[in-house]
Amino acid sequence: MKNINKIILICSLIFGAIACDDDQLDEVPKDFFSPDNLYSNSSGFETATTALYEKVRRERRQAARFGTMTTGTDLYRGGLTHPANRALTTYGASLNSTFTPSKNWWDFSYEGIAWANLIIERAENPDVDWANESDKNLYLAEGRFFRAYYHNLLQGLFNDVPLVTEFSTEPKLDYTRTPRVQVLEQVRDDLIFAAANLPSDPANTQIGKLTRYAALHLLAEVYLALEDFTSAANAAQEVIDGPHQLMTERFGPEAADPKGNVFHDLFLEDNVAYQHGNLETIWTIRNVYQGIGGHSVSLGGEGWANGDWSRRLLVPFYQRVTGLLLADSLGGRGIGRIGPTEGYLNLYEDGDMRNDNINLRRDWYYNNPDALPAGKALGDLIELDPADPLYQQRVDIDLFPAITKFDFGAQGRGSSATYLPMDKDRAQYRLAETYLLLAEAQHRAGNNGAAASTINVIRARSNAAPIAAGDVTMDFILDERARELYGETYRRLVLSRTGKFFERTQALNPQVSTVVAERDKYLPIPQSVIDGNPDAEFPQNPGY
């Protein structure tokens, strides 16, 4: 398959996997990484696994990748949509096998799988000089977690995909699509091993590193996909019973600020990681302002600003509105690529703190004293006029309600007001989601009483009214996930796993309600993949 073969060759060069039998070339280099010195000791494996952590961090360092996971679903519509993602606002014939983000996610994920497989294979070399007896299983666990992570992502996007568990240096032209259940069973087995061998004490684990509880969290989701609801509940419950806790009291640098609340505290800078006192975060993606993991200069192929673009995509292009200036207090610079659907905005009840303006900015106020519209004063609420020729642009792109989870501005640090990325930590897995995975397992096993009790733990933290067993449906659980996790998780994968993509997108997203189809729950297989696999049948997804 052309794309996987290309990844294999790239990885062979980067990780030094190409060996040579010629005795004249047996020299072992000492001043740069090679297969012999990189994978010869614990520090070499640490270097190799660090590349996998950085890879996950890069998932949101490209607008089209994140846009593909959100745009055109029940919760997210296109705003100033990235050109690569516009097919997700029209569907139909425009979403086809040449859809660039399909190829992007395919290549990106199989590259991660190749790197993980190389680590797994090299760790079995009996000549590796391990610094500690436990190092071998630790690096095997990290490798197997990331192999599971990317296979799980691929099956959620494409359904049946090639299961690749070996690193190869030779081109392979006869890949076949492995049945989804078989892929998930391998993912399950990898995560069971990872959970048994990753660290179990998050307080003494480096920020950003995996622990046993991250593996169990993902394992609960995979068990749900396999419809093993008992095992899913057990995995989620083990996470809930561990060292992580739902944060229910104010904490961190703004704990005394009466304008805030505990939900807002969860996402503040230097307040996201478990090690910073946020016991709810299970896995932190490290993004540090002017530090390791933060913004850096352009890297080829990853966009011209190499940083987390969560805020840039989800915050409106508000600076285009007369009377508004770019401000750290408004989230920093956004360009309104992805907006919320009305269906999402209508999910909250009165009193739910997740709907407070400090968490979901629905109201915008004039902040530019030098460019106020006639009759307006500094601090006045901006009210849109349907007669304004720019009204629809304002609604769709410039002033839509926006979550504040990813607000980040560098202007107050002396940097530019147009600073592009979000350079603060981001929670990849959070205990609130684990509770909702548990509730889903309980509901699907037929125990709605237990599911209601589990969901009420989350709702109580946000001052939302408790629910009863009769209120629990799959749709309610998906609604609760939206209220709690908007912007944090990949909604396309969630809807694919639960079989609710078409029904909910048609019902809640008017931008695509008349054009979305059942086939759109999966993306098209890239045409280059099919063309590059001439020695075996590689069928396209139905409907494309």
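Two rings of Phe, Tyr or Trp (its six-membered ring) pair up if their centres lie within 6.5 Å; planes under 30 degrees apart count as stacked, over 60 as edge-to-face and the rest as tilted. Searching the whole structure turns up 28 aromatic pairs.

Before you click: this is a predicted model, where local features need pLDDT of at least 70, side-chain atom pairs count only at pLDDT 80 or more, and totals for chains, interfaces and linings use all residues. Residues are numbered from 1 along each chain as its sequence is written, and side-chain values use heavy atoms, with hydrogens and water left out.

**Stop one.** Select Tyr 76 and Tyr 486, a stacked pair with 4.4 Å centre to centre and 25° between the planes. At 1% relative accessibility, Tyr 76 counts as buried (under 20% relative accessible area; exposed is over 50%, partly exposed in between, with a 1.4 Å probe and protein chains only). Tyr 486, at 4%, counts as buried too.

**Stop two.** Now pick Tyr 149 and Trp 283: their ring centres are 6.1 Å apart and their planes at 85°, so this pair is edge-to-face. Both Tyr 149 and Trp 283 are buried.

**Last stop.** Select Arg 312 and Trp 309: the charged end of Arg 312 sits over the ring of Trp 309, 4.3 Å from its centre. ("Over" needs NZ of Lys or CZ of Arg within 6 Å of the ring centre and within 35 degrees of the ring normal.) Then try Arg 483, whose charged end sits over the ring of Phe 476, 5.2 Å from its centre.
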